[in-house]
Amino acid sequence: MMKTKIYNTLLVAGITAVSLSTVSVTAAPVDETLIIDEEIEITTRAAPPEGHPLKEVISGWHYRTPETRELETDTFQNPGYLGVEQGEEIWNTAEGTEGKSCASCHGDASESMANVGATFPKWHAKMNKPVNVELQINYCRTENMGAEPYKFDKSGQKPLTAYIKNQSLGKPVELDLAAGDMQAWFDKGKETYYKRTGQLNLSCASCHEKNNGNYIRADHLSQGNVNGFPTYRLKQNKLISLHNRFRGCIRDTRAEFPAAFSDELMGLEVYVTWRGTGLSVETPAVRQ
Amino acid sequence: MRVQLKTLLLGALLGCSTALYAGTIAPGDVKIEGLAIADSLTGVAGDAAEGRKIFANRKQGNCLACHANSEMSEHLFHGGVGPSLDGAGARWQPEMLRTIVVNAKAVFTEETVMPGFYSLEVGENVREDLIGKTILTAQQVEDVVAYLATLK
């Protein structure tokens with residue numbers, strides 16, 4: 001039943017793609033509602049927080065093709081959930097010299113992690129900087145488990161991050177910018193967002209602020225919101241971390257790109273997460 | 001030093017090293033007067049057929065990423081970031097088209113998202129192997145301009 005539906009939408013998508021040629025180079029984000037498993041309502045359009053440059057905050061889901069959107073409505077079809085399940089296993093597996101798992105300290109993730117995905121990056125007093133879920137995992141691994149930190153995008157980092165953020169599925173993103181020096185990191189991130197880089201001389205704003213809704217060749221440009229990360233990317237057939245996406249977008253301007261979790265990209269994560277304030281967490285979102 | 005040699009070699013292979021062509025105006029020496037660049041950057045006339053290929057090629061002009069162009073209906077996806085280039089050759093003199101391709105900022109505003117294809121006024125942290133290089137060579141610019149002039 002579900003399958004036929006997808007094939008039908010695929011067919012329709014094929015037809016629109018053909019009529020797209022040379023004519024429709026701009027398209028409004030689709031006017032639809034995202035409900036996952038017929039019960040979890042996802043806020044994909046929100047009123048912007050004060051000081052936001054756009055009139056409405058819109059999830060990347062609205063800019064994707066019908067078949068990609070469809071995949072996200074059903075947790076059985078969404079291939080990102082394989083990663084989430086893997087993450088759950090890691091959550092419960094003891095590692096390191098202390099013989100502890102995440103569950104040893106945090107118990108049931110559906111309770112202890114319920115707000116994490118919606119409120120990170122968060123000020124970390126001991127590290128004196130904002131941390132995202134990946135950095136918090138590494139902190140727990142080294143400080144509490146006696147385990148090696150995960151290398152960027154390696155071993156359990158993406159599935160465990162996806163599992164933790166998925167506990168906030170449907171919750172609206174809201175950062176606490178009053179904590180510690182969050183505001184200073186936000187300001188630095190904003191600078192990065194508007195900085196033109198590379199031989200092509202483009203900033204994040206060139207594509208995601210000025211041109212969201214426009215096609216850049218076959219890609220329908222979204223606002224570049226981060227509420228679905230790690231996202232399952234159909235093109236690559238795997239979960240894609242946020243810092244991988246950041247680096248990819250910067251690389252596309254023909255620039256050298258900063259290291260994952262560098263201060264520059266952490267500032268950018270704080271700022272871009274704020275730009276998506278009010279959108280529901282969609283992890284693991286499906287994108288092409 | 002080794003890196004430098006490698007880049008030089010690569011540049012030569014890709015035809016990026018503009019200095020290789022005698023009589024070619026270097027990116028820093030291009031004179032823009034009244035929004036126009038009067039003469040060919042190489043002294044050689046552009047080849048419109050070659051320019052058409054450069055226009056669509058993702059590794060070269062990739063103009064189609066941002067512009068629709070009915071004359072290229074064989075390509076499925078055209079961008080909508082810039083205006084359609086249908087009739088561009090009727091709207092603009094070739095001397096102005098040359099300026100737009102060389103450095104769009106000189107014709108539009110500093111804020112334009114259109115890259116300068118023969119300009120060294122680029123963004124920060126340029127990829128190491130592209131430092132000091134332009135996106136297109138002078139002759140490629142001439143070829144693209146010749147092609148644009150046919151879009152009447």
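Is A:R45 buried, partly exposed or exposed? With a relative accessible area of 29%, A:R45 is partly exposed. Please keep in mind while you read that this is a predicted model. Here are some points to follow along the chains.

1. A:R45 belongs to strand β3 of chain A, while A:E56 sits in the loop between β3 (45–46) and β4, so the pair ties together parts that are 11 residues apart in sequence. A:E56 is also partly exposed, at a relative accessible area of 30%.

2. **A salt bridge between the chains.** Over all chains, a search of the whole structure finds 14 salt bridges. One of them is formed by A:K195 and B:E124, with the closest N and O atoms 4.0 Å apart. A:K195 is in the loop between α9 and α10 of chain A, and B:E124 is in the loop between α4 (94–102) and α5 (138–149) of chain B, so this pair joins two chains. B:E124 is partly exposed, with a relative accessible area of 43%.

3. **A buried pair in chain B.** Now look at B:R98 and B:E142, whose side chains meet in a salt bridge at 2.9 Å, N to O. The pair links distant parts of the chain, since B:R98 is in helix α4 of chain B and B:E142 is in helix α5 of chain B, 44 residues apart. Are these two residues buried or exposed? Both B:R98 and B:E142 are buried. In chain A, salt bridges that share partners join A:E72, A:E282 and A:R287 into one network.

4. **The largest nonpolar core.** This core has 49 residues, and those touching the most other members are A:W91, A:L160, A:Y163, A:I164, A:L177, A:F246 and A:V272. Several elements of chain A supply at least two residues each, including β1 (34–36), α3 (80–91), α7 (133–145) and α8 (157–166). Which helix gives the most to this core? That is α12(A), with 7 residues.

5. **A closer look at A:W91.** Leaving aside residues up to four places away in sequence, A:W91 touches a list of residues that includes A:C102, A:H106, A:M113, A:L160, A:Y163 and A:I164. A second, separate core has 35 residues, among them A:C207, B:A56, B:L85 and B:A88.

6. **Helix α12 of chain A.** How far apart are the end C-alpha atoms of α12(A)? They are 19 Å apart, which agrees with the 18 Å that its 13 residues should span at 1.5 Å a residue. Of those 13 residues, 11 are buried, so α12(A) is largely enclosed by the rest of the structure. Among the buried ones are A:L265, A:M266, A:Y271, A:V272 and A:W274. The buried residues of this helix pack against β4 (57–58), β6, α7, α9, α10 (204–208) and α11 of chain A.

7. **Two cis peptide bonds.** Most peptide bonds are trans. The bond from A:F229 to A:P230 is cis, with omega near -10 degrees, and A:P230 is in the loop between β8 (219–220) and β9 (231–233) of chain A. The bond from A:T283 to A:P284 is cis too, with omega near -5 degrees. You will find A:P284 in the loop between α12 (263–275) and β11 (286–287) of chain A.

8. **Two positive phi angles.** Most residues other than glycine have a negative phi. A:N128 is not a glycine, yet its phi is positive, at about 55 degrees; this residue lies in the loop between β5 (122–124) and β6 (129–131) of chain A. A:R254 has a positive phi as well, near 65 degrees, and its place is the loop between α11 (242–251) and α12 of chain A. Why does A:R254 count as buried? Its relative accessibility is 18%, and buried means under 20%.

9. **The cavity.** Rolling a probe the size of a water molecule over the atoms shows where empty space is left. How many cavities of 30 Å³ or more does a search of the whole structure find? The search finds 1, and about 110 Å³ of space lies in the largest cavity. Its lining has 15 residues, of which A:G117, A:F120, A:K165, A:V226 and A:T273 lie nearest its centre.

Definitions and conventions: Residues numbered from 1 in each chain as written. Chains lettered and ligands numbered in written order. Predicted model: local features only at pLDDT ≥ 70, side-chain atom pairs only at ≥ 80, totals over all residues. Heavy atoms only, no water. Helix = DSSP H or I, 4+ residues; strand = E, 2+ residues; numbered from the N terminus. Buried < 20%, exposed > 50% of the residue type's maximum accessible area, 1.4 Å probe, protein only. Core = buried A, V, L, I, M, F, W, Y, C linked by side-chain atoms within 4.5 Å. Contact = heavy atoms within 4.5 Å. Expected span 1.5 Å × (residues − 1). 1 Å grid on protein atoms, 1.4 Å probe; cavity = no way out; pocket = protein on both sides within 12 Å on 5 of 7 lines; lining within 4 Å. Points joined across faces, edges and corners; volume = space filled by probe spheres on them.
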